[in-house]
Amino acid sequence: MSASSTAEAPFVPKTKVGSFTNFVDERVGGSGILREFGRKVFPDHWSFMFGEVALYSFVILLMSGTFLTFFFDPSMAETHYQGSYTPLYNVEMSVAYSSSLNISFDVRGGLFMRQVHHWAALLFVASLGVHMLRVFFTGAFRKPREMNWVVGGVLLILAMAAGFTGYSLPDDLLSGNGLRIIDGVIKSIPVIGTYTSFFLFGGEFPGTAIIGRLYVLHILLVPALILLMIVIHLFMVVVHKHTQYPGPGRNDGNVVGYPLGPVYAAKAGGFFFIVFGVLALMAAAFTINPIWNYGPYDPSPVSAGTQPDWYIGFVDGALRLMPGVINDFHFEWVIFGRTLTLNVLLPALVPAGIIFTVLFMYPWIERWVTKDNREHHVLDRPRNAPTRTAIGVAGFTWYCVMWAAAGSDLIATHFHVSLNDVTYWLRTLFFIGPVIAFIVTKRIALALQRKDREIALHGRETGRIVRLPHGEFIEVHAPLDEYKRYKLVGFESPAPLPAQPNEHGVVTRKEKRRAALSRWFFEDRVAPATPAELEAAHAHGHHEAIAAGEDQKSLSH
Amino acid sequence: MKALSQKRRHPLAAIALLLMGLLLTGGLYAVATTVNQAKASTTSFSASDVEEGGKLFAANCATCHGMGASGTQDGPSLVGVGAAAVDFQVGTGRMPMQMSGPQAQQKPAQFNAEQTKQLSAYVASLGAGPAIPEQNLLDGKGDAANGGELFRVNCAMCHNAAAAGGALTRGKFAPALAGVSPEHIYEAMVTGPQNMPVFSDSNVTPEDKRDIITFLKTIEANGSPGGADLGALGPVSEGLFVWVAGLGVIIAFTIWLTSRTS
């Protein structure tokens, strides 16, 4: 680059603005960066935009959160509320709760900012979740993106941590109840639980330290980690380039789409304001977390309808589903003078542990089963990976059962059913729901694949019924154009990979396990239509169409 | 339970039952008279009210509650429940009950104010019990902040902190309190209808009850300062809203944004 520039005459800007921008460009090299990034190609699909939604929500969170820090005081010192909300006037409360009420009622625009912040937090985690579901179901986590999938998982956990620490800050009754549950869960951990709880709360719950500590985590540590992870995540997106859905001219060696500059940059910038607009509209018109309803935290009362924000809901739901005793079997034992309460420990930590372990390990599990070491930049349509799709839906169903259990009381009151029955049904679904979801999803995926194959081979049904001379009725099928057909035939359908001996000629036990898993993954398969099959079917269809046409002619005589 | 049902034909069972019943009614009477001493005598009904109420009772209530309100296996005795209980149950339409179920459902009142008063008079004449509250306790001009604290400590665990109602076991529930009249709120506290406990005057004083009513009426009149309250049901309705409405609108926008080019 320098060689070519020295060979030519030095660039002399003609205008004032030109000389100013040239001055800057010669020092920071902006045009080089722009040339490189401006030409980055992104494929266009609506499902690719959830990561963007999460990013924009996070930016909105940083901005609205900064506003809130100007007025929020994380002190747990006792005070008597003197603000303008009369139903709490002169009530004893913490300074943190009092300042949250002041933000809501006495700071201009404060309530709006609080609601923007909280709605943005809910949307942040929701869009992260949907983004991860999209990545999972399209197989975008495969090589070379396994590590970025893990970074995404870490981001999800960090987002939940950011949400929970923020939820607890106002020190209202609802969030205090939530903290009490966390305290209970921590205390249920064997041996170290009680010590950890005392360390975290600075003594017995609730103490006078926790709000200040959560505040530091919420505004400093967790957002910094999220920012770091976002940087790593986006860096890897640039390095790996974006994935694309299958289509004519798209393969693992290219990216078909539009360049970032200028259209995409403008679109993305506009999309930020759309997300901001939607959140602002929600914050202006819909209440979120009405802390004035809940009152100051006091360890004695617990309100009906006490739930965490949605992203912690599945843990709360698991706690609600866990029975304390089954017949005469108790889940709480005293061992060596220490209490082991499995009815808190199991539901609080095991389902979440299973979900995140499987989530983090899944790319490697599938890699090991398929022995597939190729790079994949073309996505799978979910139906073309039936077992993976079924595993995903089973996991999602399991999550949703626990999620629903967190609202079991509201399900009971709003559908006029017994709370006990809701709990029994959800307990049943906790075990059989994922199994049913797996079987049904896999069957649907295979059926859709068969339908695709049928359409690829014989064309689309036209609805035109023709009667043949000998009395038979047939429906005329119209062949697909090749762009549509490509989508239906351009995919891989791996066959089970039998156990193979290693370099010593021995089939190891691990390899046998892998082969069994491979059989389980791929034994039900629908192969895509091959060119030969297409050719044969096309000739046949053509024949049929001509025959039908001739018959028609003869009929019309 | 099985042991109990097997022994119910024991020769001494009747005597034991009688003794228990006497002790129970005696004890209840003593409690009712001491707790509500100040108010039991404040409301007076005319003799004709009692007489008309008796007729209404025989025609509409005695099927389950028995002649003389002495109770049958389908309904409890109403001796000593007081005028407040009748005014609440009949005034909110819970009684006469439409059908058996986990708890009596609210429905349009079946009797007018005059008839409700007569029924109350009749039942009050059977034995002393909580009376219909004085108007000065229902004016909603007490201390809302104190009422709020009492509400959170005593009521919110079933009725929800924003009085939006909540679930109880086996199909029972605590109803939402918006739109309930001050009389009925007060009467519910002193009589404990359905699964609600009794908050006697020694537990929550009449002034405290007035404060609770003031709190409920204040939050009802205040509305929701932050916009639509989504049922005041807390994080579940908020989560549902962000997933369905928030993400729904955003997905619509993403489809719009990507539809022009492909």
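The dialogue below sets several terms against their definitions.

Guide: This is a predicted model, in which local features need pLDDT of at least 70, side-chain atom pairs count only at pLDDT 80 or more, and totals for chains, interfaces and linings use all residues. Residues are numbered from 1 along each chain as its sequence is written, while chains are lettered from A and ligands numbered from 1 in the order in which they are written.

Visitor: Why is H7(A) called roughly antiparallel to H14(A)?

Guide: Helix H7 (residues 146-168) of chain A packs against helix H14 (residues 342-370) of chain A at an angle of about 170 degrees, with the axes 9 Å apart. Axes are lines fitted to C-alpha atoms, for helices over the stretch in contact, and angles run from 0 to 180 degrees between N-to-C directions. Angles over 145 degrees count as roughly antiparallel, and therefore H7(A) is roughly antiparallel to H14(A).

Visitor: Which residues of H7(A) meet H14(A)?

Guide: They are A:Glu146, A:Trp149, A:Val150 and A:Gly153. Contact requires C-beta atoms, placed from the backbone, to lie within 7 Å.

Visitor: What makes S9(A) and S10(A) a pair?

Guide: Strands pair if DSSP finds at least two bridges between them; six bridges join strand S9 (residues 460-467) of chain A to strand S10 (residues 473-478) of chain A, so the two strands qualify. They run antiparallel, and A:Arg464 has A:Val476 as its bridge partner. Five residues separate S9(A) from S10(A) in the hairpin, where A:Gly471 in the turn has a positive phi of about 105 degrees.

Notes:
Helices (H or I, at least four residues) and strands (E, at least two) are DSSP runs, numbered from the N terminus. Angles under 35 degrees count as roughly parallel, over 145 as roughly antiparallel, 65 to 115 as roughly perpendicular and the rest as oblique. Two residues are in contact if their C-beta atoms, placed from the backbone, lie within 7 Å.
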